[in-house]
Amino acid sequence: MQFVGTFWALVPPIIAITLALITKEAYSSLFIGVVIGALFACDFAPVATIDMIVNDGIIAAISDNAGIFLFLVLLGIIVALVNLAGGSAAFGRWAEKNIHTRVGAQLATFVLGILIFIDDYFNCLTVGSVMRPVTDRHQISRPKLAYLIDATAAPVCMIAPISSWAAAVSSTAEDLDTGISGIQLFIRAIPYNFYSLLTFVFIITLTLLKFDYGPMRGFEERARNTGDLSGSEGSDEENSNPKGRVIDLVIPVIILIALCTIGMLYVGGFIGAFGNTDAFVGLPWGGIIALVLTVIYLVARRVVGFREAMGCIPKGFQAMLSPIIILTLAVSLKTTLNALGAADYVHDLMYAASEGLYNMLPAVIFLVACVLAFASGTSWGTFGILIPIVTAIFPSDSALLYIGISACCAGAVCGDHCSPISDTTIMSSAGAQCEHVNHVATQLPYAITVACLSFVCFVLAGFIQNWIVCLAIGIVLTVGTLFAIRNVEAQKARIKD
């Protein structure tokens, strides 16, 4: 077990991520990462390695995530039904009359993402399904749509007291010796969650300034100039149904939102609500009832026939096959990380860093959380590892405790946002019907920019310990940075011309 609990534990995800970015191919890159991780965990024993890949990896991943896979398929079927009924096309025509600019379409996507704060999976898929016709009409590229979805899904859940993420953080901190309840600790940490808050400032400013940089610029220029949105294969919408109306999109979405919310509350026992719920059960619970009601509604309205509606079942499954495969391989890779003791390695690093860097520690925690979430692809796993360490380092009556918790949560969201093997990143690609590697490549420069600004804020917070001052400085830095980048991009364009 020479690789366990050492830097080698982080090598498999680094290889997988690097290969994905170089080859632009996610399936083989993730599988190679899984194989290397299993080889390390099993000391290169061939039979044990194969057993870990198949049984502990792929089969366990499918079993543990069956609920979210089912929800993906159910949502894919509902989207196919709405498209067949002409609801998406009708909504696109309505949006063309009422949302007149690209800026308006992007801001509308952002606002909808903020409003759906219950769960990140639900956010990604719902916002993508609703806003895709709108952004397509305004020739906004699918990678840009995927970024807008991804940049609101996890960050808004991370600062919403009523969400599956709040429940996860609260439950992690609940039994720790802090003197306050888990949910109180979460709420007091919200103002210091600089990555989530500055991401919102970044999106609004970038949209209003009407420019892009990095790989995203190329996709956006191609979308505007040629109409090539660079969506995933087979993502073209069905021919428009002339009977379709906007209500044929709105009613299924409202039904889905209402029933999924009820489903999560029901699974949580209503009294415990989101504190005890399980999205992997609650979302399919609401999704399957929503699908039945949607079929009944559309058939009763005679915009689709029953046989046509049933034909959407394989179409919905086929549309979600790619994210299901990627998610399965990503979870399998996380299994090898657990076997290699990546958490123990990071734990030791954190305690070593806490000596002599006390006021700088929130910034260090942010960086460690970023790296761990990026390598493992999981926010929940990251703050599950780090929150107990943070509460052990800082006294319960110290403002640094809240800042440290925020740094942990913010870093977890940031690393998850950047990681190609993150389930939220995968869901965002699925919601936008965007090639996953294109989404990752275009999103990275934006996420890294906000991460650098957040790091500065956490350095300041460690000494100032006033969220109003630190956040104000962060907002000014974010806006100023984007103005500077726009000027640089404009100079590059002039030189090129």
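Ring pairs link Tyr147, Phe202, Phe211, Tyr213 and Tyr446 into a cluster. Rings of Phe, Tyr and Trp (its six-membered ring) pair if their centres lie within 6.5 Å; planes under 30 degrees apart count as stacked, over 60 as edge-to-face and the rest as tilted. By this rule there are 14 aromatic pairs. One of them joins phenylalanine 194 and phenylalanine 458. The pair is edge-to-face, with 4.9 Å from centre to centre and 70° between the planes. Phenylalanine 194 lies in helix α11 (residues 194-209) and phenylalanine 458 in helix α22 (residues 436-464), so the pair ties together parts 264 residues apart in sequence.

This is a predicted model: local features need pLDDT of at least 70, side-chain atom pairs count only at pLDDT 80 or more, and totals for chains, interfaces and linings use all residues. Residues are numbered from 1 along each chain as its sequence is written, and side-chain values use heavy atoms, leaving out hydrogens and water.

Now the overall picture. The protein has 23 helices and zero strands. Helices (H or I, at least four residues) and strands (E, at least two) are DSSP runs, numbered from the N terminus. Of the 497 residues, 57% are buried. Buried means under 20% relative accessible area, exposed over 50%, and partly exposed in between (1.4 Å probe, protein chains only). A contact means heavy atoms within 4.5 Å. Among contacts between residues at least 6 apart in sequence, 79% join residues at least 24 apart.

Phenylalanine 194 counts as buried, at 0% relative accessibility. Phenylalanine 458 is buried too, with a relative accessible area of 0%. Threonine 199 is also found in helix α11. Its relative accessibility is 1%, so threonine 199 counts as buried. Leaving aside residues up to four places away in sequence, threonine 199 touches Ala151, Phe194 and Val450.

Helix α22 also holds threonine 442. Threonine 442 is buried, at 0% relative accessible area. Its side chain makes polar contacts, each a pair of N or O atoms within 3.5 Å; within protein, one must be able to donate a hydrogen and the other to accept it, and residues adjacent in sequence count only if both atoms are side-chain atoms. The side chain of threonine 442 reaches the backbone oxygen of asparagine 438 at 2.8 Å. It also reaches the backbone oxygen of histidine 439, at 3.1 Å. An α-helix has 3.6 residues a turn, so residues three or four places apart point the same way. Threonine 442 touches Pro143, Pro215, Met216 and Phe219, not counting residues up to four places away in sequence.

Arginine 222 lies over the face of phenylalanine 219, at 4.9 Å from the ring centre. A charge sits over a ring if NZ of Lys or CZ of Arg is within 6 Å of the ring centre and within 35 degrees of the ring normal.

Next comes helix α21 (residues 423-432). Ten of its ten residues are buried, so α21 is largely enclosed by the rest of the structure. Among them are Asp423, Ile426, Met427 and Gly431. Serine 422 caps the N-terminal end of α21, with a side-chain oxygen 3.2 Å from the backbone nitrogen of threonine 424. After α21 comes glutamine 433, whose phi is positive, near 50°.

Two loop residues also have positive phi. Lysine 210 is not a glycine, yet its phi is about 60°. Lysine 210 lies in the loop between α11 and α12 (215-226). At 68% relative accessibility, lysine 210 counts as exposed. Arginine 302 has a positive phi near 65°. Its loop runs between α14 (279-300) and α15 (306-319). Arginine 302 is exposed, with a relative accessible area of 68%.

Finally, the cavities. On a 1 Å grid over the protein atoms alone, a cavity is a set of points where a 1.4 Å probe fits but cannot get out; lining residues have an atom within 4 Å of a point. Grid points are joined across faces, edges and corners, and a volume is the space filled by probe spheres set on the points. The structure holds three cavities of 30 Å³ or more. Helices α4 (66-85), α7 (120-137) and α13 (247-267) each supply at least two lining residues. The largest share, five residues, comes from α4.

How values were computed
On a 1 Å grid over the protein atoms alone, a cavity is a set of points where a 1.4 Å probe fits but cannot get out, and a pocket is an open set with protein on both sides within 12 Å along at least five of seven lines; lining residues have an atom within 4 Å of a point.
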